[in-house]
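Subject: Handing over a model

Dear colleague,

Here is the model that I promised to pass on to you. Please have it open while you read the notes below it.

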Amino acid sequence: MTLIASLPVATEEMAQALVEALGASEELDFPTAATTEQADKSWIVDIYFEDAPDETVLATLIADAMKGSVPHYTVAPLPDEDWVAKSLEGLRPVRAGRFLVHGSHDREKIRPGDIAIEIEAGEAFGTGHHGTTAGCLAEIDRICTARDFGSILDLGTGTGVLAIAIAKAFGKRVLATDIDAVATRVTRENAVLNGVGDLIEAETAEGFGNPVFAAHAPFELIIANILAGPLIALAGDIARHLDPASGTVVLSGLLTAQGPSVTAAYEAEGLKLVRSGEMEGWLTLTLERAR
Ligand SMILES: C[S@@+](CC[C@H](N)C(=O)[O-])C[C@H]1O[C@@H](n2cnc3c(N)ncnc32)[C@H](O)[C@@H]1O
């Protein structure tokens, strides 16, 4: 069951300091955090846990990051409702590169030249509002414009937003996988909604043992917006499934402080970092086979 702790903090800097401390923590097992600005310019940091955290470790981390001024918070079960939809209700459309990610209520915001991707806040992650998704979209626009990729994998596809972006903008086929069967169902629905149902193969797959990866490998482009821990664990598998001559990897879901350890894991597999972009405290790394 997912748990949540919501902490009110005074400034964006404090919110970022807390998020970075969470990301750097080796004891809290990579909790997910989201920051939201309030009407009075203060901030809320929502921390999501898949398992109950050690409350003493959490309290110490918060006290250190907040330099002693600890806001009141509780760790409580996330209400068993469609919380992703609830938390994202009414959000604005998001622009990244030439992409505009929007809900059906914002179709009139599409401008000439936009590559519009319609995604409803729903049961899967990826409406474009998160810095990791937006960072990946901007990088996709840049690298796929510069070069033609053959076989493409979107690992951890969520709503399918990144796979749909590639299919829509560049007419490319994409294998979109996720460990969550809800995400792959949502991806299929979103692919059809966006007119690229025939270009996206969505599969539920836990680990690279699933034969769908071997059937499509080697990949010339692998995009994985997951989290630092799984990205490090997957470095060997990702590198092995990459085209040995011309493979590119785009990684996101990691905080700025986690960049060096994720990069090191991929460098150890023979890749080299060619670009690193930051959006709202989240990094997007682009790596290629070292020549
Ligand atoms: C942060 S969301 C990214 C969604 C979307 N690609 C985007 O950029 O907005 C991460 C997704 O990765 C999936 N995931 C987590 N670990 C995974 C793994 N080891 N293999 C494949 N998918 C994974 C999660 O279920 C989730 O849907």
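K67 sits in the loop between helix 2 (55–65) and strand 4 (75–77), where helices (H or I, at least four residues) and strands (E, at least two) are DSSP runs numbered from the N terminus. Although K67 is not a glycine, its phi is positive, at about 50°.

The model is predicted, so local features need pLDDT of at least 70 and side-chain atom pairs count only at pLDDT 80 or more, whereas totals for chains, interfaces and linings use all residues. Residues are numbered from 1 along each chain as its sequence is written, and side-chain values use heavy atoms, with hydrogens and water left out.

On the domains, the protein is divided into domain 1 (3–80) and domain 2 (126–289), with bounds that come from an automatic or database domain assignment. Their C-alpha centres lie 27 Å apart, and seven residues of domain 1 are in contact (heavy atoms within 4.5 Å) with 10 residues of domain 2. Between them the two domains bury about 670 Å², of which 67% is on carbon and sulfur atoms; buried area here is the accessible area (1.4 Å probe) that two parts lose on being put together, summed over both. Across this interface the rule finds zero salt bridges, a salt bridge being a side-chain nitrogen of Lys or Arg within 4 Å of a carboxyl oxygen of Asp or Glu. On the side of domain 1 that touches domain 2, helix 1 (12–24) and strand 2 (32–37) each supply at least two residues, and the largest share, four residues, comes from helix 1.

Turning to the sheets, an open sheet of three strands has the order 5-6-7 with mixed pairing, where two strands pair if DSSP finds at least two bridges between them. Strand 5 (94–96) and strand 7 (115–118) each have a single partner strand and stand at the edges, so one side of each is left without a neighbour in the sheet. Direction ignored, neighbouring strands of this sheet are turned by 25° against each other on average. Strand 6 (residues 99–102) pairs with strand 7 in the parallel sense over four bridges, and the bridge partner of L100 in strand 7 is A116.

Two helices meet this sheet. Helix 4 (residues 131–146) lies across strand 5, strand 6 and strand 7 and runs at about 145° to strand 6, with axes fitted as lines to C-alpha atoms, for helices over the stretch in contact, and angles running from 0 to 180 degrees between N-to-C directions. Helix 5 (residues 161–170) packs on the sheet and touches strand 6 and strand 7, its direction making about 145° with that of strand 7.

There is also an open sheet of seven strands, in the order 10-9-8-11-12-14-13 and again with mixed pairing. Its edge strands, strand 10 (200–204) and strand 13 (271–279), each pair on one side only, and the twist averages 15° from one strand to the next. Within this sheet, strand 8 (residues 152–155) and strand 9 (residues 174–178) pair in the parallel sense over three bridges, and D154 has A176 of strand 9 as its bridge partner.

With best wishes
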